[in-house]
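Please find below a colleague's note on the model shown here.

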Amino acid sequence: IPRDEEAVGEQLVPTMSTTTTEIVELVQREVAASLLSQDWSNEKKFISKLEDQRHEIRQLRSEMNSLIPQNNINPPPPATTHRNNRPISNMFTNRILSDNFSDDTFSLMMISTPYKKPSWWYGFAIFVFQMILCSLILYNQLLIQSRDSSTFNVPFHVVPEVRVAQFMSIIFCVAIQGDVLVSIKTLTLLWKTTRWDKTILGRGDDTGPLSTSEWASHILVPNLMRFVEGILGLFVSFVVIVQSDNIINLLRDFTALMIISEVDNLGFRLAADGYVGEKMCREALKVKGRSDCTLSSATSPDEGRKCNRFIFRPLILATILSCMFGGWSYFVVQQVRGKIYSQRFPGCVDTVPFEFAKKHFGDGKCFGGNMNTLGCEFEGGDCINFNLEYPLCRGDDLLDVEIELANDVCNMAFATEACRFDNNACCSSEYTDTDTFGNGVCDFDKDSGANIQKCEYENGDCLQYNDMYCSDENECCPLSIVYGNSFQNSICNGGLSATSKCDFDGTDCNNFSNAHPTCPF
(Lines give C-alpha, C1' and ligand atoms only; values in the text may rest on other atoms or scores of the structure.)
Protein backbone atom coordinates (compact mmCIF):
# COMPACT_ATOMS: atom_id res chain seq x y z
CA ILE A 1 0.00 0.00 0.00
CA PRO A 2 1.63 3.33 -1.03
CA ARG A 3 2.31 5.75 1.81
CA ASP A 4 2.12 8.87 -0.31
CA GLU A 5 -1.25 10.60 -0.09
CA GLU A 6 -1.53 11.39 -3.81
CA ALA A 7 -0.60 7.85 -4.79
CA VAL A 8 -3.22 6.45 -2.44
CA GLY A 9 -5.82 8.67 -4.04
CA GLU A 10 -4.81 7.72 -7.58
CA GLN A 11 -4.85 3.97 -6.87
CA LEU A 12 -7.83 3.53 -4.59
CA VAL A 13 -10.33 6.33 -5.01
CA PRO A 14 -11.07 6.29 -8.78
CA THR A 15 -11.44 2.50 -8.95
CA MET A 16 -13.44 1.76 -5.81
CA SER A 17 -16.97 2.70 -4.91
CA THR A 18 -16.64 1.45 -1.38
CA THR A 19 -16.79 3.07 2.02
CA THR A 20 -13.81 4.13 4.06
CA THR A 21 -14.42 1.29 6.49
CA GLU A 22 -14.28 -1.31 3.69
CA ILE A 23 -11.07 0.15 2.33
CA VAL A 24 -9.48 0.08 5.77
CA GLU A 25 -10.65 -3.53 6.27
CA LEU A 26 -9.04 -4.44 2.95
CA VAL A 27 -5.79 -2.92 4.08
CA GLN A 28 -6.02 -4.70 7.43
CA ARG A 29 -6.41 -8.03 5.68
CA GLU A 30 -3.42 -7.30 3.49
CA VAL A 31 -1.37 -6.32 6.54
CA ALA A 32 -2.45 -9.45 8.40
CA ALA A 33 -1.45 -11.63 5.47
CA SER A 34 1.89 -9.88 5.31
CA LEU A 35 2.45 -10.43 9.01
CA LEU A 36 1.53 -14.11 8.92
CA SER A 37 3.83 -14.77 5.98
CA GLN A 38 6.91 -13.71 7.90
CA ASP A 39 8.98 -15.36 10.59
CA TRP A 40 8.21 -13.84 13.97
CA SER A 41 10.29 -16.00 16.26
CA ASN A 42 11.42 -12.90 18.10
CA GLU A 43 8.44 -11.74 20.20
CA LYS A 44 9.75 -8.19 20.72
CA LYS A 45 10.36 -7.77 17.02
CA PHE A 46 6.85 -9.03 16.30
CA ILE A 47 5.25 -6.56 18.72
CA SER A 48 7.30 -3.68 17.35
CA LYS A 49 6.34 -4.51 13.77
CA LEU A 50 2.71 -4.87 14.79
CA GLU A 51 2.74 -1.40 16.35
CA ASP A 52 4.24 0.06 13.16
CA GLN A 53 1.54 -1.56 11.02
CA ARG A 54 -1.20 -0.34 13.36
CA HIS A 55 0.17 3.19 13.10
CA GLU A 56 0.11 2.95 9.28
CA ILE A 57 -3.51 1.78 9.36
CA ARG A 58 -4.51 4.76 11.52
CA GLN A 59 -2.67 7.12 9.22
CA LEU A 60 -4.32 5.57 6.15
CA ARG A 61 -7.77 5.92 7.73
CA SER A 62 -7.09 9.64 8.27
CA GLU A 63 -5.86 10.03 4.69
CA MET A 64 -8.90 8.28 3.23
CA ASN A 65 -11.26 10.43 5.29
CA SER A 66 -9.82 13.49 3.60
CA LEU A 67 -9.56 12.00 0.08
CA ILE A 68 -12.90 10.27 -0.41
CA PRO A 69 -15.13 13.38 0.02
CA GLN A 70 -13.10 15.11 -2.68
CA ASN A 71 -14.05 12.40 -5.20
CA ASN A 72 -17.72 12.14 -4.18
CA ILE A 73 -17.36 8.52 -3.01
CA ASN A 74 -19.86 7.98 -0.24
CA PRO A 75 -19.59 11.59 0.95
CA PRO A 76 -20.32 12.05 4.62
CA PRO A 77 -23.33 14.06 5.73
CA PRO A 78 -22.80 17.81 5.99
CA ALA A 79 -20.62 18.59 8.95
CA THR A 80 -21.68 21.04 11.55
CA THR A 81 -18.17 22.47 11.61
CA HIS A 82 -15.95 23.41 8.69
CA ARG A 83 -12.28 22.77 8.09
CA ASN A 84 -10.25 25.25 10.00
CA ASN A 85 -8.23 27.19 7.44
CA ARG A 86 -8.02 30.24 9.62
CA PRO A 87 -4.80 32.25 9.96
CA ILE A 88 -2.21 31.30 12.52
CA SER A 89 -3.65 33.57 15.20
CA ASN A 90 -6.56 31.42 16.42
CA MET A 91 -9.35 33.84 17.10
CA PHE A 92 -11.77 33.72 20.01
CA THR A 93 -14.84 32.26 18.30
CA ASN A 94 -13.01 29.48 16.46
CA ARG A 95 -10.71 28.47 19.29
CA ILE A 96 -13.03 28.65 22.27
CA LEU A 97 -16.64 28.49 21.20
CA SER A 98 -16.23 25.59 18.73
CA ASP A 99 -15.32 21.99 19.49
CA ASN A 100 -12.60 21.82 16.83
CA PHE A 101 -9.07 20.73 17.56
CA SER A 102 -6.84 23.70 18.27
CA ASP A 103 -3.97 24.00 15.82
CA ASP A 104 -1.17 24.30 18.36
CA THR A 105 1.70 22.23 19.71
CA PHE A 106 -0.38 21.06 22.67
CA SER A 107 -2.72 19.24 20.27
CA LEU A 108 0.41 17.81 18.67
CA MET A 109 1.41 16.40 22.06
CA MET A 110 -2.05 14.90 22.55
CA ILE A 111 -1.86 12.67 19.45
CA SER A 112 1.83 11.76 19.90
CA THR A 113 3.28 8.90 21.91
CA PRO A 114 4.06 10.56 25.26
CA TYR A 115 7.72 11.01 26.22
CA LYS A 116 8.94 9.03 23.20
CA LYS A 117 8.12 10.75 19.92
CA PRO A 118 10.05 13.86 18.79
CA SER A 119 6.74 15.62 18.18
CA TRP A 120 5.86 15.29 21.89
CA TRP A 121 9.22 16.73 22.95
CA TYR A 122 8.89 19.45 20.32
CA GLY A 123 5.62 20.58 21.93
CA PHE A 124 7.19 20.36 25.38
CA ALA A 125 10.14 22.53 24.24
CA ILE A 126 7.73 25.18 22.93
CA PHE A 127 5.95 25.15 26.30
CA VAL A 128 9.26 25.59 28.19
CA PHE A 129 10.20 28.45 25.85
CA GLN A 130 6.93 30.25 26.62
CA MET A 131 7.37 29.71 30.35
CA ILE A 132 10.90 31.16 30.26
CA LEU A 133 9.77 34.27 28.37
CA CYS A 134 6.84 34.91 30.73
CA SER A 135 9.01 34.29 33.80
CA LEU A 136 11.66 36.75 32.62
CA ILE A 137 9.00 39.40 32.06
CA LEU A 138 7.51 38.83 35.51
CA TYR A 139 10.94 38.95 37.12
CA ASN A 140 11.68 42.27 35.45
CA GLN A 141 8.27 43.79 36.15
CA LEU A 142 7.69 42.55 39.70
CA LEU A 143 11.11 42.11 41.32
CA ILE A 144 13.27 44.74 39.61
CA GLN A 145 10.95 47.59 38.62
CA SER A 146 8.65 47.18 41.65
CA ARG A 147 11.50 47.27 44.18
CA ASP A 148 10.89 50.08 46.69
CA SER A 149 7.81 51.05 44.73
CA SER A 150 4.06 50.42 44.70
CA THR A 151 2.47 47.02 44.18
CA PHE A 152 3.31 45.84 40.65
CA ASN A 153 4.93 49.27 40.12
CA VAL A 154 1.46 50.68 39.37
CA PRO A 155 1.45 54.46 38.64
CA PHE A 156 -0.34 56.45 41.32
CA HIS A 157 -2.41 58.35 38.75
CA VAL A 158 -3.49 57.86 35.12
CA VAL A 159 -5.68 59.99 32.88
CA PRO A 160 -9.24 58.85 32.04
CA GLU A 161 -8.44 57.86 28.46
CA VAL A 162 -5.81 55.42 29.72
CA ARG A 163 -8.40 53.83 32.03
CA VAL A 164 -10.70 53.29 29.04
CA ALA A 165 -7.82 51.69 27.12
CA GLN A 166 -7.06 49.44 30.10
CA PHE A 167 -10.70 48.33 30.31
CA MET A 168 -10.79 47.46 26.61
CA SER A 169 -7.41 45.73 26.79
CA ILE A 170 -8.67 43.36 29.51
CA ILE A 171 -11.56 42.25 27.28
CA PHE A 172 -9.24 41.84 24.31
CA CYS A 173 -6.71 39.99 26.46
CA VAL A 174 -9.22 37.33 27.52
CA ALA A 175 -10.49 37.08 23.93
CA ILE A 176 -7.12 36.27 22.37
CA GLN A 177 -5.70 34.27 25.29
CA GLY A 178 -7.94 31.24 24.76
CA ASP A 179 -5.58 28.57 26.07
CA VAL A 180 -7.23 28.55 29.51
CA LEU A 181 -10.73 28.00 28.14
CA VAL A 182 -9.54 25.59 25.43
CA SER A 183 -7.80 23.39 28.00
CA ILE A 184 -10.88 23.28 30.24
CA LYS A 185 -13.13 22.59 27.25
CA THR A 186 -10.88 19.76 26.06
CA LEU A 187 -10.71 18.14 29.47
CA THR A 188 -14.50 18.43 29.78
CA LEU A 189 -15.19 16.76 26.44
CA LEU A 190 -12.36 14.23 26.55
CA TRP A 191 -12.68 13.10 30.14
CA LYS A 192 -11.29 9.69 31.01
CA THR A 193 -14.76 8.12 31.06
CA THR A 194 -15.32 8.96 27.36
CA ARG A 195 -13.92 7.20 24.29
CA TRP A 196 -11.28 9.87 23.90
CA ASP A 197 -9.01 7.35 22.21
CA LYS A 198 -11.36 7.22 19.20
CA THR A 199 -10.99 10.95 18.61
CA ILE A 200 -7.32 11.35 19.52
CA LEU A 201 -5.77 8.05 18.45
CA GLY A 202 -8.27 6.92 15.83
CA ARG A 203 -9.03 3.61 17.57
CA GLY A 204 -12.01 1.59 16.39
CA ASP A 205 -15.23 0.74 18.16
CA ASP A 206 -14.13 -2.87 18.53
CA THR A 207 -11.21 -1.90 20.78
CA GLY A 208 -11.46 -1.45 24.49
CA PRO A 209 -10.80 1.84 26.33
CA LEU A 210 -7.27 2.68 27.36
CA SER A 211 -6.06 3.01 30.92
CA THR A 212 -6.21 6.12 33.09
CA SER A 213 -2.44 6.55 32.82
CA GLU A 214 -2.75 6.61 29.01
CA TRP A 215 -5.48 9.24 29.30
CA ALA A 216 -3.33 11.31 31.66
CA SER A 217 -0.37 11.15 29.25
CA HIS A 218 -2.35 12.03 26.13
CA ILE A 219 -5.01 14.38 27.51
CA LEU A 220 -4.32 15.58 31.05
CA VAL A 221 -0.62 16.53 30.83
CA PRO A 222 -0.77 18.53 27.55
CA ASN A 223 -3.89 20.40 28.66
CA LEU A 224 -2.44 21.17 32.09
CA MET A 225 0.55 22.67 30.28
CA ARG A 226 -1.83 24.64 28.07
CA PHE A 227 -3.75 25.82 31.16
CA VAL A 228 -0.58 26.91 33.01
CA GLU A 229 0.70 28.76 29.95
CA GLY A 230 -2.66 30.50 29.55
CA ILE A 231 -2.92 31.50 33.21
CA LEU A 232 0.63 32.83 33.27
CA GLY A 233 0.01 34.72 30.03
CA LEU A 234 -3.13 36.31 31.49
CA PHE A 235 -1.28 37.32 34.65
CA VAL A 236 1.61 38.88 32.72
CA SER A 237 -0.87 40.74 30.52
CA PHE A 238 -2.74 41.98 33.60
CA VAL A 239 0.49 43.29 35.16
CA VAL A 240 1.40 45.13 31.96
CA ILE A 241 -2.11 46.62 31.70
CA VAL A 242 -2.21 48.03 35.26
CA GLN A 243 1.37 49.33 34.96
CA SER A 244 0.63 51.40 31.86
CA ASP A 245 0.31 55.16 32.20
CA ASN A 246 -0.11 56.02 28.52
CA ILE A 247 -1.94 54.39 25.62
CA ILE A 248 1.01 54.01 23.26
CA ASN A 249 3.09 52.05 25.77
CA LEU A 250 0.05 49.95 26.67
CA LEU A 251 -0.58 48.93 23.07
CA ARG A 252 3.12 48.36 22.39
CA ASP A 253 3.64 46.07 25.39
CA PHE A 254 0.35 44.30 24.84
CA THR A 255 1.23 43.52 21.22
CA ALA A 256 4.53 42.00 22.35
CA LEU A 257 2.69 39.74 24.82
CA MET A 258 0.31 38.61 22.06
CA ILE A 259 3.29 37.25 20.15
CA ILE A 260 4.45 35.26 23.19
CA SER A 261 0.98 33.72 23.66
CA GLU A 262 0.97 32.67 20.00
CA VAL A 263 4.34 30.86 20.12
CA ASP A 264 2.62 27.46 20.39
CA ASN A 265 0.58 28.26 17.27
CA LEU A 266 3.66 29.49 15.42
CA GLY A 267 5.49 26.31 16.37
CA PHE A 268 2.61 24.21 15.05
CA ARG A 269 2.58 26.10 11.75
CA LEU A 270 6.32 25.53 11.32
CA ALA A 271 5.81 21.82 11.93
CA ALA A 272 2.83 21.61 9.55
CA ASP A 273 4.78 23.39 6.81
CA GLY A 274 7.65 20.95 7.12
CA TYR A 275 10.29 23.29 8.54
CA VAL A 276 11.17 20.93 11.39
CA GLY A 277 11.29 17.68 9.48
CA GLU A 278 9.06 15.22 7.62
CA LYS A 279 8.02 13.20 10.67
CA MET A 280 6.96 16.32 12.52
CA CYS A 281 5.04 17.46 9.46
CA ARG A 282 3.14 14.16 9.34
CA GLU A 283 2.20 14.47 13.00
CA ALA A 284 1.00 18.05 12.51
CA LEU A 285 -1.06 17.02 9.50
CA LYS A 286 -2.76 14.43 11.69
CA VAL A 287 -4.03 17.29 13.87
CA LYS A 288 -5.15 19.18 10.77
CA GLY A 289 -6.79 15.98 9.53
CA ARG A 290 -8.91 16.01 12.68
CA SER A 291 -10.09 19.60 12.12
CA ASP A 292 -13.34 18.23 10.65
CA CYS A 293 -13.75 16.01 13.69
CA THR A 294 -15.16 17.63 16.80
CA LEU A 295 -13.99 16.84 20.28
CA SER A 296 -17.56 16.03 21.23
CA SER A 297 -17.42 13.00 18.90
CA ALA A 298 -15.73 11.19 21.80
CA THR A 299 -19.07 11.15 23.60
CA SER A 300 -22.49 9.86 22.70
CA PRO A 301 -24.94 12.31 21.06
CA ASP A 302 -26.76 12.82 24.34
CA GLU A 303 -23.52 13.37 26.21
CA GLY A 304 -22.28 15.73 23.50
CA ARG A 305 -25.37 17.89 23.73
CA LYS A 306 -25.02 17.86 27.48
CA CYS A 307 -21.40 19.00 27.26
CA ASN A 308 -22.22 21.75 24.78
CA ARG A 309 -24.82 23.10 27.16
CA PHE A 310 -22.58 22.64 30.15
CA ILE A 311 -22.68 25.80 32.26
CA PHE A 312 -19.11 25.20 33.38
CA ARG A 313 -17.68 26.86 30.27
CA PRO A 314 -19.44 30.25 30.51
CA LEU A 315 -18.84 30.13 34.26
CA ILE A 316 -15.10 29.80 33.72
CA LEU A 317 -15.12 32.63 31.19
CA ALA A 318 -17.08 34.83 33.58
CA THR A 319 -14.69 33.93 36.41
CA ILE A 320 -11.63 34.93 34.39
CA LEU A 321 -13.19 38.23 33.35
CA SER A 322 -14.33 38.90 36.92
CA CYS A 323 -10.83 38.28 38.29
CA MET A 324 -9.25 40.55 35.70
CA PHE A 325 -11.76 43.36 36.17
CA GLY A 326 -11.78 42.89 39.95
CA GLY A 327 -8.00 43.27 40.16
CA TRP A 328 -8.08 46.27 37.84
CA SER A 329 -10.88 47.91 39.87
CA TYR A 330 -8.88 47.38 43.07
CA PHE A 331 -5.93 49.32 41.68
CA VAL A 332 -8.22 52.05 40.32
CA VAL A 333 -9.69 52.60 43.81
CA GLN A 334 -6.23 52.61 45.37
CA GLN A 335 -5.09 55.19 42.82
CA VAL A 336 -8.08 57.48 43.40
CA ARG A 337 -7.64 57.35 47.19
CA GLY A 338 -3.92 58.13 47.02
CA LYS A 339 -2.81 54.80 48.48
CA ILE A 340 -0.62 54.02 45.48
CA TYR A 341 0.91 57.51 45.79
CA SER A 342 1.87 56.78 49.41
CA GLN A 343 3.45 53.47 48.40
CA ARG A 344 5.15 54.87 45.35
CA PHE A 345 6.61 58.03 46.91
CA PRO A 346 6.87 57.57 50.69
CA GLY A 347 9.50 60.33 50.94
CA CYS A 348 7.26 62.81 49.15
CA VAL A 349 3.92 62.36 50.93
CA ASP A 350 4.70 64.77 53.80
CA THR A 351 5.88 67.65 51.58
CA VAL A 352 3.70 67.35 48.48
CA PRO A 353 -0.08 66.80 48.81
CA PHE A 354 -1.62 64.06 46.66
CA GLU A 355 -3.87 66.42 44.69
CA PHE A 356 -0.92 68.69 43.86
CA ALA A 357 1.23 65.73 42.85
CA LYS A 358 -1.59 64.32 40.71
CA LYS A 359 -1.73 67.62 38.84
CA HIS A 360 1.98 67.84 38.01
CA PHE A 361 3.53 64.36 38.20
CA GLY A 362 3.83 62.62 34.87
CA ASP A 363 2.90 65.57 32.64
CA GLY A 364 6.35 65.64 31.06
CA LYS A 365 7.16 69.15 32.36
CA CYS A 366 9.30 69.94 35.38
CA PHE A 367 7.40 72.09 37.84
CA GLY A 368 10.18 72.06 40.42
CA GLY A 369 9.95 73.30 43.98
CA ASN A 370 9.83 70.65 46.69
CA MET A 371 8.80 68.05 44.09
CA ASN A 372 12.22 68.17 42.42
CA THR A 373 13.80 66.07 45.15
CA LEU A 374 15.14 62.57 45.49
CA GLY A 375 12.22 61.59 47.75
CA CYS A 376 9.79 62.57 44.98
CA GLU A 377 12.04 60.91 42.42
CA PHE A 378 12.52 64.29 40.81
CA GLU A 379 8.82 64.82 40.17
CA GLY A 380 8.30 61.23 39.04
CA GLY A 381 10.97 61.59 36.38
CA ASP A 382 9.66 64.84 34.87
CA CYS A 383 12.66 66.84 36.12
CA ILE A 384 15.45 64.45 35.10
CA ASN A 385 16.26 66.17 31.81
CA PHE A 386 15.92 69.59 33.44
CA ASN A 387 18.36 68.63 36.19
CA LEU A 388 20.88 67.46 33.64
CA GLU A 389 20.76 70.89 32.00
CA TYR A 390 20.48 72.91 35.25
CA PRO A 391 21.84 70.62 37.98
CA LEU A 392 21.85 73.29 40.75
CA CYS A 393 18.79 75.30 39.77
CA ARG A 394 16.60 73.91 42.51
CA GLY A 395 14.83 75.22 45.58
CA ASP A 396 11.46 75.33 47.29
CA ASP A 397 10.85 78.82 45.90
CA LEU A 398 11.75 77.88 42.33
CA LEU A 399 8.40 76.89 40.84
CA ASP A 400 7.26 76.15 37.30
CA VAL A 401 10.92 76.13 36.35
CA GLU A 402 10.65 74.99 32.74
CA ILE A 403 8.12 77.68 31.84
CA GLU A 404 9.95 80.39 33.77
CA LEU A 405 13.27 79.66 32.09
CA ALA A 406 11.70 79.62 28.64
CA ASN A 407 9.46 82.72 28.73
CA ASP A 408 12.30 85.25 28.21
CA VAL A 409 11.02 87.33 31.13
CA CYS A 410 13.40 88.03 33.99
CA ASN A 411 12.36 86.45 37.27
CA MET A 412 14.71 87.54 40.04
CA ALA A 413 14.26 84.20 41.82
CA PHE A 414 16.09 82.63 38.89
CA ALA A 415 18.69 85.40 38.52
CA THR A 416 21.50 83.15 39.71
CA GLU A 417 24.46 81.49 38.12
CA ALA A 418 22.87 78.07 38.81
CA CYS A 419 19.82 79.06 36.73
CA ARG A 420 22.01 80.90 34.21
CA PHE A 421 20.42 84.15 35.22
CA ASP A 422 16.94 83.01 34.17
CA ASN A 423 18.38 81.55 30.99
CA ASN A 424 19.95 84.96 30.20
CA ALA A 425 16.62 86.76 30.50
CA CYS A 426 18.06 88.75 33.45
CA CYS A 427 21.71 89.02 32.42
CA SER A 428 22.69 89.07 28.76
CA SER A 429 24.92 86.36 27.37
CA GLU A 430 27.29 89.10 26.13
CA TYR A 431 28.40 89.33 29.78
CA THR A 432 27.90 85.79 31.03
CA ASP A 433 29.74 84.10 28.13
CA THR A 434 32.98 86.08 28.55
CA ASP A 435 36.11 84.89 30.36
CA THR A 436 36.12 87.95 32.63
CA PHE A 437 32.68 87.15 34.05
CA GLY A 438 33.28 85.75 37.51
CA ASN A 439 37.09 86.00 37.42
CA GLY A 440 37.37 88.06 40.65
CA VAL A 441 37.96 91.44 38.94
CA CYS A 442 35.18 93.99 38.66
CA ASP A 443 35.03 95.34 35.12
CA PHE A 444 32.06 97.68 35.39
CA ASP A 445 31.18 100.75 37.37
CA LYS A 446 28.39 100.43 39.83
CA ASP A 447 24.93 99.95 38.30
CA SER A 448 26.34 99.58 34.82
CA GLY A 449 27.03 96.64 32.55
CA ALA A 450 27.12 93.40 34.52
CA ASN A 451 27.59 95.22 37.84
CA ILE A 452 23.87 95.02 38.59
CA GLN A 453 21.74 92.81 40.80
CA LYS A 454 20.27 90.88 37.85
CA CYS A 455 23.81 89.73 36.99
CA GLU A 456 24.65 89.18 40.66
CA TYR A 457 27.11 92.09 40.34
CA GLU A 458 29.18 90.42 37.66
CA ASN A 459 28.73 87.07 39.32
CA GLY A 460 30.25 88.38 42.56
CA ASP A 461 33.28 90.16 41.03
CA CYS A 462 31.99 93.61 42.00
CA LEU A 463 30.58 92.88 45.48
CA GLN A 464 33.73 93.97 47.37
CA TYR A 465 34.25 96.97 45.12
CA ASN A 466 30.70 98.15 45.65
CA ASP A 467 30.87 97.72 49.43
CA MET A 468 34.30 99.33 50.03
CA TYR A 469 34.79 101.90 47.33
CA CYS A 470 31.26 103.04 46.55
CA SER A 471 30.10 104.13 49.98
CA ASP A 472 29.14 107.45 48.45
CA GLU A 473 26.10 106.75 46.31
CA ASN A 474 27.01 109.53 43.90
CA GLU A 475 30.67 108.82 43.45
CA CYS A 476 32.92 105.74 43.59
CA CYS A 477 36.67 105.28 43.53
CA PRO A 478 37.63 104.83 39.88
CA LEU A 479 38.20 101.26 38.78
CA SER A 480 41.52 102.27 37.24
CA ILE A 481 42.83 103.19 40.71
CA VAL A 482 41.39 100.23 42.64
CA TYR A 483 42.73 97.68 40.17
CA GLY A 484 45.89 99.63 39.31
CA ASN A 485 49.42 98.43 40.15
CA SER A 486 50.08 101.19 42.73
CA PHE A 487 46.96 100.49 44.78
CA GLN A 488 47.60 98.74 48.11
CA ASN A 489 51.32 98.44 47.45
CA SER A 490 52.31 99.77 50.96
CA ILE A 491 53.32 103.11 49.43
CA CYS A 492 51.14 106.17 49.85
CA ASN A 493 50.72 107.64 46.37
CA GLY A 494 48.59 110.61 47.33
CA GLY A 495 46.24 112.33 44.97
CA LEU A 496 42.73 110.99 44.36
CA SER A 497 43.65 107.52 45.62
CA ALA A 498 44.47 108.99 49.06
CA THR A 499 40.90 110.11 49.64
CA SER A 500 38.30 108.51 51.83
CA LYS A 501 36.28 107.15 48.88
CA CYS A 502 39.39 105.16 47.86
CA ASP A 503 40.01 104.18 51.50
CA PHE A 504 43.20 106.27 51.55
CA ASP A 505 45.00 104.41 48.83
CA GLY A 506 43.69 101.13 50.16
CA THR A 507 45.04 101.98 53.66
CA ASP A 508 48.54 102.64 52.24
CA CYS A 509 48.34 106.27 53.44
CA ASN A 510 47.22 105.49 56.98
CA ASN A 511 50.78 105.40 58.44
CA PHE A 512 51.84 108.55 56.56
CA SER A 513 48.79 110.42 57.83
CA ASN A 514 49.55 109.40 61.42
CA ALA A 515 53.15 110.49 61.12
CA HIS A 516 52.39 113.76 59.31
CA PRO A 517 48.88 114.74 60.35
CA THR A 518 49.18 118.30 58.99
CA CYS A 519 50.85 117.46 55.65
CA PRO A 520 48.30 117.62 52.88
CA PHE A 521 48.26 114.76 50.38
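**Surface patch and disulfides**

1. Val 164, Phe 167, Met 168 and Ile 171 make a nonpolar surface patch of about 380 Å². Patches are made of residues with over 30% relative accessible area and no salt bridge, nonpolar side chains being joined within 5 Å and like charges within 9 Å; a salt bridge is a side-chain nitrogen of Lys or Arg within 4 Å of a carboxyl oxygen of Asp or Glu. Areas follow the Shrake-Rupley method with a 1.4 Å probe.

2. This is a predicted model, in which local features need pLDDT of at least 70 and side-chain atom pairs pLDDT 80 or more, while totals for chains, interfaces and linings use all residues. Residues are numbered from 1 along each chain, and side-chain values use heavy atoms, without hydrogens and water.

3. Ile 171 is found in helix H7, residues 160-176 (helices are DSSP runs, H or I, of at least four residues). Its relative accessibility of 41% makes Ile 171 partly exposed (buried is under 20%, exposed over 50%, partly exposed in between).

4. The structure holds nine disulfides (cysteine sulfur atoms within 2.5 Å). One of them joins Cys 410 to Cys 426, S to S 1.9 Å, and is right-handed, with 100° about the S-S bond. Cys 410 is partly exposed at 26%, whereas Cys 426 is buried at 9%.

5. Cys 442 and Cys 462 form a disulfide with sulfur atoms 1.9 Å apart; both cysteines are buried.

6. Cys 477 is joined to Cys 502, S to S 2.0 Å. Cys 477 lies between H24 and H25 and Cys 502 between H25 and H26, so the pair ties together parts 25 residues apart in sequence.

Technical notes
Helices (H or I, at least four residues) and strands (E, at least two) are DSSP runs, numbered from the N terminus. Buried means under 20% relative accessible area, exposed over 50%, partly exposed in between (1.4 Å probe, protein chains only).
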